[in-house]
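Dear colleague,

Please find the structure below. My notes on it follow, and I would be grateful if you could read them alongside the model.

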Amino acid sequence: GQLVRIKEGTRGPTGKFRKTAGKVGRVDGKSGTNVIVRHGPRSHEHIVLPAADVEVYDATPLIAIGGRVRVLNAGMTMQRNELMWREGTVAAVTSDGWQIDFPVGTKGEPARSETFEPGELEVLA
């Protein structure tokens, strides 16, 4: 469950640069000396790579009101787990964390607002 970033400049087994370099994901398991990193909600959005090709991701984003973010850690409840990997816009900073507004989802998820801690979000450029 550790948040990691795939290091820039990593190469695959054929020597070509990995397309996933720079992506942030969550360790989904281990396979010998390799780690399995999931970097999105779809079943094909995972990659197996050497542990040396990933670095721990410090998810303390510099967020501005109106900035775009992605949820990397939604929490334990099913209601919040539905927001995993969704992208939203920062609406406000409250004493509890950042209030994120989510638009209507592609699968018909309703628009909603939720508050997150800094370690639960990734800033999108």
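With which side chain does the side chain of Arg112 make a polar contact? The partner is the side chain of Glu82, at 3.4 Å; a polar contact is a pair of N or O atoms within 3.5 Å, of which, within protein, one must be able to donate a hydrogen and the other to accept it, and residues adjacent in sequence count only if both atoms are side-chain atoms.

This is a predicted model, in which local features need pLDDT of at least 70 and side-chain atom pairs count only at pLDDT 80 or more, while totals for chains, interfaces and linings use all residues. Residues are numbered from 1 along each chain as its sequence is written, and side-chain values use heavy atoms, without hydrogens and water.

Arg112 belongs to strand E9, residues 112–116 (strands are DSSP runs of at least two residues, numbered from the N terminus). Arg112 counts as buried because its relative accessible area is 18% (buried means under 20%, with a 1.4 Å probe and protein chains only). Leaving out residues up to four places away in sequence, Arg112 touches Gln79, Glu82, Leu83, Ile100, Asp101 and Phe102 (contact means heavy atoms within 4.5 Å).

Ile100 is also part of the largest nonpolar core, which has eleven residues, including Leu83 and Phe102 (such a core is a set of buried Ala, Val, Leu, Ile, Met, Phe, Trp, Tyr and Cys residues joined through side-chain atoms within 4.5 Å). Strand E8 gives the largest share of this core, three residues. Another core, of eight residues, lies apart from it and includes Ile6 and Val35.

Yours sincerely

Terms used:
Helices (H or I, at least four residues) and strands (E, at least two) are DSSP runs, numbered from the N terminus. Buried means under 20% relative accessible area, exposed over 50%, partly exposed in between (1.4 Å probe, protein chains only).
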